[in-house]
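Colleague: Before we discuss assignments, could you show me the model and then take me through the terms one at a time, with the cut-off behind each?

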Amino acid sequence: MEGGKRAEEAAGPSCAGTNQEMPHHPNEEEDEETEDEKEEDEHDFETDHHQNTTFQPGPLLPLKDQIERDKEDESLRRWKEKLLGCLESDFDGQVDPEVKFHSIGIVSEDFGEVVTPLPLNENQNARVLFTLREGSHYQLKLKFSVLHNIVSGLKYSNTVWKGGIQVDQSKGMLGTFAPQKEPYEHALKEEVTPSGVLARGVYSAKLKFEDDDRRCHMELKYSFEIKKCI
């Protein structure tokens, strides 16, 4: 018996001991794979998050269809009619909105406000619409109507050149507008004319209006002049 016991001790751990898991030490290659997997997961998350948060405007519906949807809800129907202006003349089934510009004004501390009707004729395209002093503050002011449907995300860009070289560009958002009987008036953000000898002279500019569907509603080319401050 003693001989058998010594034989078992010499043989090493029992069978139960052989089933114990050895501690695992990851090598550098496994670490790199783990970091790569994390980066891929983070990239996938960012991509999915961007796709989920990117605004995509829904399909346009004629005004009449928008009014008649959920018409069993009286309060919602009245709210829609108030929002959309309830213009019977626009219930013609036309889907695409139309923005009709009536005038462009220039508001300045130099001379108050000067309004020019739109569209410009050929003679007006060739001449200077307004003159400003160097270093003066001014705003462009638009008067327009919205027809047929809601225009979503109406925005503008105003690009200015002097001697064929682009010297300035400004952009801004006007907003979303529903058809209504009375025209809208909207002033663009205030600008300041440059100062100095090189700033004086005649400039050409292009004012462009687009909506969320990249539909261009107006592209206006005009000229203005900056003179010495007296």
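Modeller: Let me start with burial: a residue is buried under 20% relative accessible area, exposed over 50% and partly exposed in between, with a 1.4 Å probe and protein chains only. This is a predicted model, in which local features need pLDDT of at least 70 and side-chain atom pairs count only at pLDDT 80 or more, while totals for chains, interfaces and linings use all residues. Residues are numbered from 1 along each chain as its sequence is written, and side-chain values use heavy atoms, with hydrogens and water left out.

Colleague: Why is Tyr-156 called buried?

Modeller: The relative accessibility of Tyr-156 is 6%, and the limit is under 20%, so Tyr-156 counts as buried. Phe-209, with a relative accessible area of 0%, is buried as well, and of the 230 residues of the protein, 29% fall into this class.

Colleague: What makes the arrangement of Tyr-156 and Phe-209 a tilted aromatic pair?

Modeller: Rings of Phe, Tyr and Trp (its six-membered ring) pair if their centres lie within 6.5 Å, and planes under 30 degrees apart count as stacked, over 60 as edge-to-face and the rest as tilted. For Tyr-156 and Phe-209 the centres are 6.3 Å apart and the planes stand at 45°, which makes the pair tilted. Tyr-156 belongs to strand β5 and Phe-209 to strand β9, so the pair ties together parts that are 53 residues apart in sequence.

Colleague: Why is the pair of Phe-144 and Phe-177 called edge-to-face?

Modeller: Their ring centres are 5.3 Å apart and their planes meet at 85°, so the pair is edge-to-face. Phe-144 sits in strand β4 and Phe-177 in strand β6, 33 residues apart, and both are buried. The structure holds 10 aromatic pairs, and one aromatic cluster is formed by Phe-101, Phe-144, Tyr-156, Phe-177, Tyr-184 and Phe-209.

Colleague: What makes a group of residues a nonpolar core, and which residues have the most contacts inside the largest one?

Modeller: A nonpolar core is a set of buried Ala, Val, Leu, Ile, Met, Phe, Trp, Tyr and Cys residues joined through side-chain atoms within 4.5 Å. The largest has 32 residues, and those with the most contacts inside it are Leu-142, Phe-144, Leu-207, Phe-209 and Tyr-222. Contact in general means heavy atoms within 4.5 Å; leaving aside neighbours within four places in sequence, Leu-142 is in contact with residues including Phe-101, Ile-104, Tyr-184, Leu-207, Phe-209 and Met-218.

Colleague: How do you know that Asn-158 is buried, and with which side chain does it make a polar contact?

Modeller: Asn-158 has a relative accessible area of 7% and is therefore buried; its place is in strand β5. A polar contact is a pair of N or O atoms within 3.5 Å, where within protein one must be able to donate a hydrogen and the other to accept it, and residues adjacent in sequence count only if both atoms are side-chain atoms. The side chains of Asn-158 and Tyr-222 make such a contact at 3.1 Å.

Colleague: What makes β5 and β6 paired strands?

Modeller: Strands (E, at least two residues) are DSSP runs, as are helices (H or I, at least four), numbered from the N terminus, and two strands pair if DSSP finds at least two bridges between them. Strand β5 (residues 151–162) is joined to β6 by 10 bridges, and the two run antiparallel; Ser-157 stands opposite Lys-171 in β6. Both strands belong to an open sheet of five strands with mixed pairing, in the order β3-β10-β9-β5-β6.
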